[in-house]
Amino acid sequence: MEVYVPKRLIVMATQDSSCGNRYQVLCYEQVEKLDKVMEEAIPIHGRGNFPTLEVKLKDLVQVVREKLRTEGVSVRDIRLNGGAASYILGNASENTVQPYNDLDLIFGVDLRNPNDLQKIKNCVLSCLLDFLPEGVNREKMSSCSLKEAYVQKLVKVCNEKGDRWSLISLSNNKGKNVELKFVDKVKRQYEFSVDSFQILLDSLLTFYDISGTPMNENIYPTLVAESVYGDFSEAWSHLNSKLIATRKPEEIRGGGLLKYCSLLTRGFQPAKSMDICQTERYMCSRFFIDFSDVTQQRQKLEAYLNNHFSGEEELKHEYLMTLYRVVDESTICLMGHERRQTLNLIQQLACQVLMEQEQRAHNKYLEMQQFDQLNGLTIDQVYYGPIELNLSGQYYYNNSYPQVFMNGQCPYCPSPAFLPCS
């Protein structure tokens, strides 16, 4: 296989690819963006007294691959998946590229032998030893202690539908987890067309292994991306036009409901080809099948907010209000009191988010006071609240709402408030 390809050949392959509609060859700008992601050091935070590991994605992938091969686990291919792949393929000039959270890596492996699952877990945990800082006593590090310290989530799926895969998620305090997925077979690999992209990394890893010089516009590896949604051009158009499209949401765990509301919050719109009313009903129905009681729903919602809105606290309230609207308008599978319980839960979380924002603003005000006192300055007046536009076209702060909503109804939550069911 030819590794180095000049840019002019990349353009020709992009326009006339023989791989089929699911595939596309990356241009140099996309390969360069991918290289930066692979070279970026990602902190993997340890619990307790365990140190933080500073890991480059390319180093982690190479070490895991070699240890798997040493243990006799054959690796078909390695892919970058999900939000990071969409980030790389998106058209940055159109300001449509969305920030990504998790770094999802897919290792294609054969899992027909159940013992291979244990081999894979042991390989990943032993890889973490290679990234421990100097001076740490590695001899006292057991697999169990490494798992407790650095693994946020460990999943194994082998079901009657033929799905065979395993997930090991390495923790990051800012929600940017590194997720290693080892896949033999999986029926559903995407939720929406905009997160259906997978970039095959094998030729890039070969480039890292044999190249003695950094890549440039004339010498760089040929990389191929696939849209598991089906049609690459259609999915890529959805990504850059900020359109929402999916197929059979009832097949997605949770129905894709939480991701759908997140896309709406970030300015995406349903594609014209999508029957939005029917799709939202399917999403809600599947969500309440998978998360049937209010405790499960609370845990899922809180985890989603923490993992997908890191550094975007201002979007949380808008997201919850969007979710409230969709659940309120499209839920047909619940009894009245169950529906009220869920809506009440979403409303409580929305009020909690506003109170946390108010508390952060108050803490900031106290910090400003201390700063001004130290520097002999005086604060004239501080306003809290959302910015509004007056009749003359000038922005001003609306500070008319109460700063604490302990006993009253939050003015930015749906009214009237629902009481918990007895």
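## A look around the predicted model

Of the 422 residues in the protein, 45% are buried (under 20% relative accessible area; exposed is over 50%, and partly exposed is in between, with a 1.4 Å probe and protein chains only). This is a predicted model, where local features need pLDDT of at least 70, side-chain atom pairs count only at pLDDT 80 or more, and totals for chains, interfaces and linings use all residues. Residues are numbered from 1 along each chain as its sequence is written, and side-chain values use heavy atoms, with hydrogens and water left out.

The pLDDT, the predictor's confidence in each residue from 0 to 100, averages 83, and 81% of the residues score at least 70. Treat residues 393-408 separately: their pLDDT stays under 50. Residues 417-422 are also below 50.

On the fold side, you'll find 13 helices and 14 strands. These are DSSP runs numbered from the N terminus: helices are H or I with at least four residues, strands are E with at least two.

Now for the inside. The largest nonpolar core has 102 residues, and Phe107, Phe182 and Ile199 touch the most other members. Such a core is a set of buried Ala, Val, Leu, Ile, Met, Phe, Trp, Tyr and Cys residues joined through side-chain atoms within 4.5 Å. Helix 5 (residues 115-130) gives the most to this core, with 8 residues. In soluble globular proteins, nonpolar side chains tend to be buried together.

Phe182 is buried at 0% relative accessibility, and Phe107 is buried at 0% too. Leaving out residues up to four places away in sequence, Phe182 has contacts (heavy atoms within 4.5 Å) that include Val64, Leu68, Ile120 and Trp165.

The whole structure holds 12 aromatic pairs. Rings of Phe, Tyr and Trp (its six-membered ring) pair if their centres lie within 6.5 Å; planes under 30 degrees apart are stacked, over 60 edge-to-face, and the rest tilted. Here are two of the pairs:

| Pair | Centre to centre | Angle between planes | Type |
|---|---|---|---|
| Phe50 and Tyr150 | 6.0 Å | 80° | edge-to-face |
| Phe107 and Phe182 | 5.0 Å | 25° | stacked |

Phe50 is in the loop between strand 2 (41-44) and strand 3 (53-56), while Tyr150 is in helix 6 (residues 143-150), 100 residues apart. Phe50 is partly exposed at 25%, whereas Tyr150 is buried at 0%. Phe107 lies in strand 5 (residues 103-109) and Phe182 in strand 8, so that pair ties together parts 75 residues apart in sequence.
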